[in-house]
Every structure is written in structure tokens, then in C-alpha cells.
Amino acid sequence: MDLTGDLRRIVEGLRIERAPHRPFRVSVELFPPRTPEAKARFWPEVERLAGLRPHFFSVTCGAGGTGRDGTYPTVLEIRERTGLPVAAHLTCAAHGREEVDALARAYWEAGVRHIVALRGDPPKGSGPYVPRPDGYAYAADLVRGLRGIAPFEISVAGYPETHPEAPSRAFDIDNVRRKVEAGAVRVIGQYCFDTDTVLRYRDELVRAGVEVPFVPGIMPVHDFAKIRRFSEACRASIPDWLAELFTDLDPSLPVHGMVAAAVAAEQMSRLVAEGFDHLHLYALNRADLTLAACRLAGYRPPAAAATETSSGRSACAA
Ligand code: FAD
């Protein structure tokens, strides 16, 4: 990719820290394409993202979390097409244990070793979450259940701005500690545009005794209006400086993407400078912004032979 003059000016304006370069890993989150048109667009984007040689791809599941409707086949097909490790998101809120366990076993039998274990949310408009009597109540319970099924590599979610339902910040941080105690080996962060908040969260996790890596989530702003709406729903805040940057910017114009790439890259560069060696990118099934942000932040894909799977094995041997 060539930097255009415009992009160079934006980058300089944001004072992206270019040196010293420190190597870091990325993982890339995707969602299963639903329609034939979305599927046709999906695979070329995945191929381009595979050029990053991410530490792993991860594939979300719907709030229902059955996996069969899209996540399961998408996980297997990405692995098949790219040869790269793929993690399956698995939620427990909407299903009984038997169903969740059966899906976990199906993943294990298909050779999927990495699960992102989540509670998930109740269907929209159904009121506050109430655990099912026959289900895993919270993600920590799901992690425990998965450990009983097979030696999965398990990642869990963390919220730099606190999960909206948590009774307190301290409770929410302790919840992460309990998920790790149950067997999670990595905490993947909800995106958060305020880097100071992300850094404080890391320190709080460490103080709470969370010893596994915290991997901050990076959300490249594909469409600011949509991100603002989505952020309201999951209570991720939009800083004033971000809103100002995107004011009056039409998302269909290239300059929107240039600004978005620069913003994501600036956050990535700062986090890497602060010692993070793994960042999780919410690619939203589109390659351009993620590729540009990685390039600007100084990311270099690992050599194919040296790539480790997220389970620690060589990708070539996997
Ligand atoms: P938990 O860790 O169980 O926590 C949920 C809430 O319950 C928190 O407020 C916590 O403090 C509280 N809590 C925990 N234990 C208890 C207890 N014993 N008693 C009372 N309260 C308790 N959603 C999807 O539907 N599909 C996806 O693929 C998906 N992927 C995600 C990936 C990432 C990286 C992130 C950050 C989120 C993702 N989500 C996904 C959203 C997630 O499902 C929701 O945010 C959900 O509301 C919480 O899930 P959790 O696993 O963090 O829950």
C-alpha cells in the first residue's frame, strides 16, 4: 500500500509514534457471513487478512450462540482455506448445558482447539439477563464446563469501561480473575477508544491478580455513525476528539477510511509502545482498514515457517 499525501498528513497530525519499532502480534475477529452476497464478499477479504498471518482469526456467534447456523462452518472453512488457527466464539446464555457441551465437543472433534468463551446477551427486548436453570449462568461457569470437556485453549472477554450489567467495577474485574481461575489463558478486550482507560484497566487486572495476557481490542472505524450507535448499545464511550474527527465525513469517501486507519494505528502504536505484544482487531469482515492500520502501526507479518498457532504449535505442522 502506498501512503497518499493526504494520509501522510493525517498520520503526521496524529503524531503516530514510528520508532522504536517493536514487534507485535495481531488476531482478527470476523463474523459469519449470512447472505450469498455477503459470502461472496467475505472470502476475498479473509484471504487478504490472512496475509497478516494473524496469531489467530476468531469467529463470533450470534446472541443465540448455536454456532451451527454460521459460526461452526465458517470456523472450519477459514481454517481450511488459510491454514491459520481459528478460534470459535461460544456463548451460553441462550442454551442449556447439554447443547453447549455438544457444540464444544463437535469443535474439539473437528480439531478446533481454541474457544472464546462468553456468556452472550438475552434477545433484544427480553429484559434483564436471567440465567437458565439448565444452563451455564456466566462465562466463568462456561469456562469451567469447557475445561471438563477437553483441554481447550480458552479466551474470555474483558471490559476496559466495565461491563454494563456489572454491579461495580471491582466486581467486574474480579469476574475476569474468576474466569482465569476457571481456566482461561487470555483476556480479549472490548474495544475502547480511550487508550488511557485501556492502560488503567491493564493495571487493575494485574493488581487483581490476573496473570494471563490482556489483549486490547482495536475497532477501526468503518462507519462512524454505525459505530456510535453500536457503542451506545454496548456502552463503549465515544470521546469528543473522535466525534470531532469524523464530523461531516461521509463514510463512503476515501478520507473517512484514511482518518479511521490513522486513528486505529495511533492507538495500536501507543499500546505497543506501552508494552502490549498482541492486539485484537475487530475487522468487521473488511480488510482495507485493518491492513492499513497494521501497516501504519509498523506491524510486520511473521514469516510463514515461524508462525505459531494460538495453541502453540507450528502452523505448518497443524
Ligand atoms: P460474563 O463474564 O459472564 O459477565 C457478564 C456480566 O455478569 C458482567 O457484568 C459480570 O460482572 C457479571 N457477572 C459475572 N458473574 C456473575 C455472578 N456470579 N453474579 C452476578 N453477576 C455476574 N456476544 C455474542 O453474542 N457473540 C459473540 O461472539 C461475542 N463475542 C465477544 C467478543 C469479545 C472480545 C467481547 C468483549 C464481547 C463479545 N460478545 C459477544 C459480547 C458478550 O457476549 C456480552 O458483552 C455479554 O453481555 C457478556 O459476556 P461475558 O462473557 O463478558 O460475560
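The protein has eleven helices and eight strands. Helices (H or I, at least four residues) and strands (E, at least two) are DSSP runs, numbered from the N terminus. The model is predicted: local features need pLDDT of at least 70, side-chain atom pairs count only at pLDDT 80 or more, and totals for chains, interfaces and linings use all residues. Residues are numbered from 1 along each chain as its sequence is written. Of the 318 residues, 43% count as buried. A residue is buried if 20 or more other C-beta atoms, placed from the backbone, lie within 10 Å of its own.

The eight strands form a closed barrel in the order β1-β2-β3-β4-β5-β6-β7-β8, with parallel pairing. From one strand to the next, the twist averages 30°. Two strands pair if DSSP finds at least two bridges between them.

Strand β2 spans residues 56-59. Phe 56 and Ser 58 point one way from β2, while Phe 57 and Val 59 point the other way. All four are buried. In a regular strand the side chains alternate between the two faces of the sheet. On one side, β2 pairs with β1 (residues 25-30) in the parallel sense over four bridges. Ser 27 stands opposite Phe 56 in β2. Between these strands the chain passes through helix α2 (residues 36-50), and this β-α-β crossover is right-handed. That is, with the strands pointing away from the viewer, the path from the first strand over the helix to the second runs clockwise. β2 also pairs with β3 (residues 86-91), in the parallel sense over three bridges. Here Phe 57 has Val 86 of β3 as its bridge partner.

Further along, β5 (residues 153-158) and β6 (residues 186-191) pair in the parallel sense over four bridges. Ala 157 is bridged to Ile 188 in β6. Helix α5 (residues 139-149) packs on the sheet and touches β4 (114-118) and β5. Its direction makes about 150° with that of β4. Angles run from 0 to 180 degrees between N-to-C directions, and axes are lines fitted to C-alpha atoms, for helices over the stretch in contact.

Helix α2 also meets α11 (residues 287-296): their axes come within 9 Å and cross at roughly 10°. α2 is therefore roughly parallel to α11, a term for angles under 35 degrees. Glu 45, Arg 48 and Leu 49 of α2 make the contact with Ala 287, Thr 290 and Leu 291 of α11. Residues are in contact if their C-beta atoms, placed from the backbone, lie within 7 Å.

Technical notes. A residue is buried if 20 or more other C-beta atoms lie within 10 Å of its own, exposed if 12 or fewer, and partly exposed in between; C-beta atoms are placed from the backbone. Two residues are in contact if their C-beta atoms, placed from the backbone, lie within 7 Å. Angles under 35 degrees count as roughly parallel, over 145 as roughly antiparallel, 65 to 115 as roughly perpendicular and the rest as oblique.
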